[in-house]
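Dear colleague,

Please find the structure below, handed over for your files.

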Amino acid sequence: MREDIPTLYEWAGGSEALNRLTRTFYDKVAADPIVGPVFEHMSPDHPAHVAAFIGEVFGGPKTYSEKHGGHREMVMHHLGKHLTEEQRRRWINLLADAADEIGLPDDPEFRSAFMGYVEWGSRLAKMNSNLGETCDPETEPMPAWGWGVPGGPYKPPAGKS
């Protein structure tokens, strides 16, 4: 990939934008009857931790791995939660609504990459939540998400270079 191409983290607006996203999102979650109960005992730091995780996945600083345990820890938070498809879909919709509300970039290339990760990650979380102790998070590296197909051609959003 060319060095002058911004990461998804940079394109999104960095940690400030991702923290706004997760704060707005978890405010919506707390008021939601479908996913709210899953997060009723959420730590006040949870939105910042999720912002750090997304930031790292999108090519930003490795803060989540260095301070919060990396992908293994994220997987461990989902074990035994028995998430349903209805909860997964509501989670995605609330996150997309929060992205719109805070003004996350809405160009098709970014939103495709963003929603592709959200779809993939939420399916993984649902799967892990139902595996219980049979899950082996040690074998799962931190995901790395970028523009389009990994290693594939990059086409910058229209009007950008």
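Helices are DSSP runs of H or I with at least four residues, strands are DSSP runs of E with at least two, and both are numbered from the N terminus. This is a predicted model, in which local features need pLDDT of at least 70 and side-chain atom pairs count only at pLDDT 80 or more, while totals for chains, interfaces and linings use all residues. Residues are numbered from 1 along each chain as its sequence is written, and side-chain values use heavy atoms, with hydrogens and water left out.

The loop between helix 2 and helix 3 holds D32. This residue is buried (under 20% relative accessible area; exposed is over 50% and partly exposed lies in between, with a 1.4 Å probe and protein chains only), because its relative accessible area is 9%. Apart from neighbours within four places in sequence, D32 is in contact (heavy atoms within 4.5 Å) with P37, R90 and L94.

Overall, the protein has seven helices and zero strands. Of its 161 residues, 43% count as buried. Among contacts between residues at least 6 apart in sequence, 77% join residues at least 24 apart.

Beyond neighbours within four places in sequence, F110 is in contact with L8, W11, A12, L104, P105 and W147.

Two helix pairs deserve mention. For these, axes are lines fitted to C-alpha atoms over the stretch in contact, and angles run from 0 to 180 degrees between N-to-C directions. Helix 2 and helix 6 pack at an angle of about 130°, with axes 9 Å apart. Helix 2 is therefore oblique to helix 6; angles under 35 degrees count as roughly parallel, over 145 as roughly antiparallel, 65 to 115 as roughly perpendicular and the rest as oblique. Residues of helix 2 including L21 and F25 meet residues of helix 6, among them W91 and L94.

The axes of helix 2 and helix 3 come within 8 Å and cross at roughly 135°, so helix 2 is oblique to helix 3. The contact involves L18, N19, T22, R23 and Y26 of helix 2, and H46, P47, A48, V50, A51, I54 and G55 of helix 3.

With kind regards
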